[in-house]
Amino acid sequence: MRGRFITFEGVEGVGKSTQIAHAAQYLLGRGILPLVTREPGGTPLAEKLRALVLEPQHGPVGPTEELLIMFAARASHVAAVIRPALRRGRWVLCDRFTDATEAYQGGGRGVNPVWIRQLARIAHPRLMPDLTFIFDAPAAVASARVSGRGTGHDRIEAEETEFFERVRRAYLAIAAREPGRVRVVDATQPEVAVADVVAQALEAALRNRGD
Ligand SMILES: Nc1ncnc2c1ncn2[C@@H]1O[C@H](COP(=O)(O)OP(=O)(O)O)[C@@H](O)[C@H]1O
Ligand SMILES: [Mg+2]
């Protein structure tokens, strides 16, 4: 039996961490102990790169530096954590992946999407998620939740609303392009309703796990 690579996407505050925890619980109930991880991060090197790129005191960080740091962290994470886990048949739940780079550095910062696809081929050749949830909500809703969470803003979260609306549009463009892989979930619904939608998609993935 092979594992599944499942990613959770959407702007900050939309509910990714909340839903990844529900998804892990759901899979546990079905006898699967998933590996839960996040980007940027997931290895000691990638967590250091995360701190460098997100902590405001290291700014200013240009779009090209941001892009390359994200992919350096991703290459480390894929090689040391994601691929070995998938090879062992683990299910991997990852908070953000290359779609986030297309949305933030592409849609948000205006980096050429062709470069992003080329770097994806270098950092994780032949690896894309089996299933991706894009949690969608207006930027104002997500940012109100970040404020409610009380964890403060990192360098990228400190951008203005228009930046997050560009990120959101880029995410929706990915979903329109790859409907077989990507599920858009209305994240303005109550937490349990969102969790139900995710659980139904996980159930479908479980039914197909013989291949
Ligand atoms: N569907 C929801 N409705 C209302 N609040 C939510 C919902 N999902 C999550 N939250 C709350 O919003 C905040 C941000 O959620 P979180 O999961 O941390 O988002 P993300 O990981 O995408 O940044 C948290 O305080 C969380 O409890
Ligand atoms: Mg989170």
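Which backbone contributes a polar atom 3.2 Å from a nitrogen atom of ligand 1? In this predicted model, the residue concerned is Glu 191. Taken alone, ligand 1 exposes 560 Å², of which the protein buries 77% (accessible areas by the Shrake-Rupley method with a 1.4 Å probe; for residues, only the protein chains shown count as cover). Residues are numbered from 1 along each chain as its sequence is written, and chains are lettered from A and ligands numbered from 1 in the order in which they are written. Local features need pLDDT of at least 70 and side-chain atom pairs count only at pLDDT 80 or more, whereas totals for chains, interfaces and linings use all residues; side-chain values use heavy atoms, with hydrogens and water left out.

Ligand 1 sits in the largest pocket. A pocket is defined on a 1 Å grid over the protein atoms alone, as an open set of points with protein on both sides within 12 Å along at least five of seven lines, a 1.4 Å probe being used; a molecule sits in a pocket if more than half of its atoms lie within 2 Å of its grid points. Helices H1 (16-29) and H6 (139-149) are the elements that give two or more residues to the shell around the ligand (helices are DSSP runs of H or I of at least four residues and strands are runs of E of at least two, numbered from the N terminus). The largest share, three residues, comes from H1. There are 14 residues around ligand 1, and Gly 13, Lys 16, Thr 18, Arg 149 and Gln 189 come nearest (a residue is near a molecule if one of its heavy atoms lies within 4 Å of it).

Two oxygen contacts of the ligand may be described individually. A polar backbone atom of Gly 13 is 2.7 Å from an oxygen atom of ligand 1, and a polar side-chain atom of Arg 149 lies 2.8 Å from an oxygen atom of the ligand. The side chain of Arg 149 also makes a polar contact of 3.1 Å with that of Glu 12 (a pair of N or O atoms within 3.5 Å; within protein, one must be able to donate a hydrogen and the other to accept it, and residues adjacent in sequence count only if both atoms are side-chain atoms). Glu 12 is placed in the loop between E1 and H1 and counts as buried at 17% relative accessibility (buried means under 20% relative accessible area, exposed over 50%, and partly exposed in between, with a 1.4 Å probe and protein chains only).

The strand pairing was examined next. Strand E4 (residues 131-136) is largely enclosed by the rest of the structure, because six of its six residues are buried. Leu 131, Phe 133 and Phe 135 cover one side, and Thr 132, Ile 134 and Asp 136 the other. E4 pairs in the parallel sense with strand E1 (residues 5-9) over four bridges (two strands pair if DSSP finds at least two bridges between them). Five bridges join E4 to strand E5 (residues 182-186), again in parallel. Phe 133 of E4 is the bridge partner of Phe 8, and the bridge partner of Phe 133 in E5 is Arg 183.

Strand E3 (92-95) is joined to E1 by four bridges, the two running parallel, with Phe 5 opposite Val 92. Four bridges also join E3 to E2, in parallel, and Thr 37 has Cys 94 as its bridge partner in E3. Val 92 and Cys 94 point one way from E3 and Leu 93 and Asp 95 the other way, and all are buried. The C-alpha atom of Leu 93 is separated by 9.4 Å from that of Ala 21, 72 residues apart along the chain. Ala 21 lies in helix H1 and is partly exposed, at 42% relative accessibility.

Several backbone features lie in loops. Most residues other than glycine have a negative phi, and most peptide bonds are trans. The peptide bond from Glu 39 to Pro 40 is cis, with omega near -15°, and Pro 40 lies in the loop between strand E2 (35-38) and helix H2 (44-54). Arg 96 has a positive phi, near 80°; this residue lies in the loop between E3 and helix H4 (98-108) and is buried, with a relative accessible area of 14%. Arg 126, whose phi is positive and near 60°, is found in the loop between helix H5 (113-123) and E4. Arg 126 is exposed, with a relative accessible area of 79%.

Terms used:
On a 1 Å grid over the protein atoms alone, a cavity is a set of points where a 1.4 Å probe fits but cannot get out, and a pocket is an open set with protein on both sides within 12 Å along at least five of seven lines; lining residues have an atom within 4 Å of a point.
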